[in-house]
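Hello,

Here is the model I promised to pass on. Please open it alongside this note; my findings follow.

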4 protein chains.
Amino acid sequence: MNELTPKDPDYEARVRASFAAQGLMVTLGASLVRVSPGKVEISLPTSTAISQQHGFVHAGALASIADSAAGYAALTLMKPGAGVLTAEFKINLLAPGIGERMTARGRVIKAGRTLTLAQTDVFAIHEGREKQIALLTATLMAVEGREGVSS
Amino acid sequence: MNELTPKDPDYEARVRASFAAQGLMVTLGASLVRVSPGKVEISLPTSTAISQQHGFVHAGALASIADSAAGYAALTLMKPGAGVLTAEFKINLLAPGIGERMTARGRVIKAGRTLTLAQTDVFAIHEGREKQIALLTATLMAVEGREGVSS
Amino acid sequence: MNELTPKDPDYEARVRASFAAQGLMVTLGASLVRVSPGKVEISLPTSTAISQQHGFVHAGALASIADSAAGYAALTLMKPGAGVLTAEFKINLLAPGIGERMTARGRVIKAGRTLTLAQTDVFAIHEGREKQIALLTATLMAVEGREGVSS
Amino acid sequence: MNELTPKDPDYEARVRASFAAQGLMVTLGASLVRVSPGKVEISLPTSTAISQQHGFVHAGALASIADSAAGYAALTLMKPGAGVLTAEFKINLLAPGIGERMTARGRVIKAGRTLTLAQTDVFAIHEGREKQIALLTATLMAVEGREGVSS
């Protein structure tokens with residue numbers, strides 16, 4: 001359905017540089033695993049530093065990596081120089097975040113001129129088994145020519 | 001519209017103890033400002049540690065304090081011993097998170113037996129002026145008798 | 001927070017003409033009750049023609065009037081000639097739609113250049129008492145210069 | 001990921017009987033095309049009776065069939081006697097509803113004890129070509145033993 005040919009041949013370097021500039025990802029300990037046209041995977045090792053009150057991973061931490069995965073999946077398909085901002089997202093939490101590591105896999109559903117719809121599946125990896133624990137859908141906005149907003 | 005009389009006279013102590021156990025809030029630097037029946041306010045000083053790539057506060061950090069504010073607003077009205085989990089939330093981002101401090105004010109819209117609907121307004125405080133930058137609506141679930149889940 | 005001064009002095013006539021052109025509102029039996037800057041109220045008499053399987057008003061019928069109320073609340077603040085399209089909405093259903101009449105009250109939360117955030121409260125009127133049964137938040141897009149899309 | 005074995009061997013008859021009792025589907029002219037474990041397809045011929053102001057299919061009509069498709073996909077996996085209610089849904093609208101027919105394909109993402117997450121893809125069929133125009137995610141609740149709520 002989608003045109004998944006990147007308009008920017010340097011899309012991966014651009015996404016990696018932008019990710020490295022997200023202070024929150026560093027603070028949470030998240031890393032960028034994979035970048036391909038329309039798809040991005042982010043990984044987050046579990047620790048008490050990202051927990052909620054019962055010791056599960058906080059919904060906000062899951063939302064953070066899921067939002068970044070959706071946003072960067074969108075950015076892989078945007079024109080050079082365009083920046084990406086999240087207009088809105090919704091996340092459904094299916095099961096508690098329990099496990100050694102959380103993985104967020106974002107993918108573009110539809111890339112439009114201004115708005116892109118992307119979806120992220122979040123999995124908990126626990127004792128070698130992967131279980132889906134959350135689903136995020138996000139509307140991302142391409143921003144061009146606004147001061148301070150690129151990539 | 002709502003019955004805002006707490007079923008737990010110790011609701012504030014319970015919310016404060018639970019908030020203190022959220023590792024993510026400590027990691028982000030958030031603090032619990034105010035707790036009253038059906039309402040909770042959380043404050044987050046801005047720093048590069050919670051930024052996205054343009055230097056604004058990351059949507060995930062805003063979602064984290066907004067989700068906690070909604071969840072704890074719901075918890076103020078729950079029975080002693082009940083735990084609160086987020087089933088889903090949606091956040092609309094109205095403006096970039098720019099300012100010295102972000103404030104999330106959660107309030108209960110409707111407290112049901114199992115499900116509670118709450119809403120959080122997020123404001124940026126910049127040079128003494130407050131501006132709404134996000135709106136979150138969340139469905140919270142009361143959990144009773146599940147091992148490891150209370151308050 | 002919002003600039004609620006209509007950019008179009010004929011905003012009410014414009015909204016009323018557009019509403020009259022919505023075939024779905026006619027089919028459902030909905031009527032436009034009130035139009036003011038940033039606010040629109042729509043009313044829907046209950047009947048089996050709009051029911052779900054248990055005899056309650058179908059969530060889709062509630063969503064339909066709530067979406068129209070949000071969209072027209074946004075349109076009251078848009079420039080002459082601009083059309084309004086819904087980019088996305090979320091609806092939380094708080095209680096079954098039971099009663100003689102359903103009322104949707106939409107209001108603008110933030111009117112931006114391209115995107116407007118609006119919220120609609122839906123009430124059931126049953127034996128003279130009003131009860132909130134749903135809450136919708138919607139992102140509306142102003143569309144200019146696209147063929148076939150105005151008001 | 002999901003247990004897609006129906007707990008009710010008569011799941012299809014049950015879904016078809018419930019659909020037939022939805023007055024709104026009759027009013028809109030929608031029909032139930034396909035029912036299988038965890039999946040339901042609903043079709044809606046286009047007409048001015050379901051339009052918005054520009055002549056496109058109204059977002060509320062799309063949401064109506066998408067919500068029913070998600071709800072019935074969930075119902076195929078529920079126990080005999082359980083009823084299904086929508087707790088919330090979100091719909092992203094990707095393109096205007098233009099075409100001879102709209103098709104909503106709902107599928108269960110995760111069936112839990114009380115809450116089921118389902119997703120519906122909505123397509124416009126225009127001159128023989130199918131194009132995705134909307135994506136809905138819904139939280140459905142299984143209701144047992146509540147008067148007036150079954151199937």
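**Contacts between chains**

The contact between chains A and D takes 11 residues from chain A and 11 residues from chain D. Here two residues are in contact if their C-beta atoms, placed from the backbone, lie within 7 Å. On chain A, β3 (83–93), β4 (101–111) and β6 (129–143) each supply at least two residues of the side that touches chain D. β6(A) gives the largest share, four residues. Helices (H or I, at least four residues) and strands (E, at least two) are DSSP runs, numbered from the N terminus. By class, that side of chain A has five nonpolar, four polar and two charged residues. Ala, Val, Leu, Ile, Met, Phe, Trp, Tyr, Cys and Pro count as nonpolar; Asp, Glu, Lys and Arg as charged; the others, Gly among them, as polar.

A word on conventions. This is a predicted model: local features need pLDDT of at least 70, side-chain atom pairs count only at pLDDT 80 or more, and totals for chains, interfaces and linings use all residues. Residues are numbered from 1 along each chain as its sequence is written, while chains are lettered from A and ligands numbered from 1 in the order in which they are written.

Now chains B and A. Their contact takes 33 residues from chain B and 33 residues from chain A. On chain B, α2 (23–28), α3 (59–75) and β3 (83–93) each supply at least two residues of the side that touches chain A. The largest share, nine residues, comes from β3(B). That side of chain B has 12 nonpolar, 18 polar and three charged residues.

The two β3 strands also meet. β3(A) and β3(B) pair in the antiparallel sense over five bridges; strands pair if DSSP finds at least two bridges between them. Phe89(A) stands opposite Ile91(B) in β3(B).

**Symmetry**

A rotation of 180° with 0.0 Å of shift along its axis superposes chain B on chain A, with RMSD 0.0 Å. In chain B, the C-alpha nearest the axis belongs to Lys90(B), 2.0 Å from it. The same surface serves both copies: 100% of the contact residues of chain B recur in chain A.

**Helix α3 of chain A**

α3(A) is mostly covered, with 17 of its 17 residues buried (20 or more other C-beta atoms within 10 Å of a residue's own, C-beta atoms being placed from the backbone).

Best wishes

Note on methods:
Least-squares fit on C-alpha atoms with pLDDT ≥ 70 in both. Buried ≥ 20, exposed ≤ 12 C-beta atoms within 10 Å, placed from the backbone.
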